[in-house]
Amino acid sequence: MAGQLFAGLFTTQPGKWLPSGEEPAWIGYARQPVEIGADGCNVSRVRFPPVTAKSRIVGAGIFDAEVGGNLVSLSYLAIERDVSPGDVCVFPPGEIAGRPV
């Protein structure tokens, strides 16, 4: 994958009825720059801004743009994460193990 990539979170996974999935709508949410290694996983820690609304995070995606753009890789979480205001979503290296879409 060439060019700058960005990690995003999903509250609804992409699927047949919602091809692009649904990203969090809380204030301050933004995709974060990410470097992907040859194994398809994040090379370094990815940290998202603090949560401002209760949500359930069900997956992560790698996009080719900070806003809009294309979903190039998808990572389902083994365990969905319930988050509350003040929580911070952090993914250590290797945790976002995407598969091409």
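The model is predicted. It holds four aromatic pairs. A pair of aromatic rings is described by the distance of the centres and the angle of the planes. For Trp-26 and Tyr-29, the centres are 5.8 Å apart and the planes stand at 85° to each other. This pair counts as edge-to-face because an angle over 60 degrees between the planes is classed in that way.

How accessible are these two residues? Trp-26 has a relative accessible area of 6%, which means that it is buried, since the limit for that class is under 20%. Tyr-29, at 15% relative accessibility, is therefore buried by that limit as well.

Tyr-29 also forms an aromatic pair with Phe-48, with 6.2 Å from centre to centre and 10° between the planes. Here the arrangement is stacked, because the planes are under 30 degrees apart. This pair links distant parts of the chain, its members being 19 residues apart. Tyr-29 lies in the loop between β1 (5–10) and β2 (32–34), whereas Phe-48 belongs to the loop between β3 (46–47) and β4 (55–63). Both Tyr-29 and Phe-48 are buried.

Ring pairs join Trp-26, Tyr-29 and Phe-48 with Phe-91 into a cluster.

Definitions and conventions:
Residues are numbered from 1 along each chain as its sequence is written. This is a predicted model: local features need pLDDT of at least 70, side-chain atom pairs count only at pLDDT 80 or more; totals for chains, interfaces and linings use all residues. Side-chain values use heavy atoms; hydrogens and water are left out. Rings of Phe, Tyr and Trp (its six-membered ring) pair if their centres lie within 6.5 Å; planes under 30 degrees apart count as stacked, over 60 as edge-to-face and the rest as tilted. Buried means under 20% relative accessible area, exposed over 50%, partly exposed in between (1.4 Å probe, protein chains only). Helices (H or I, at least four residues) and strands (E, at least two) are DSSP runs, numbered from the N terminus.
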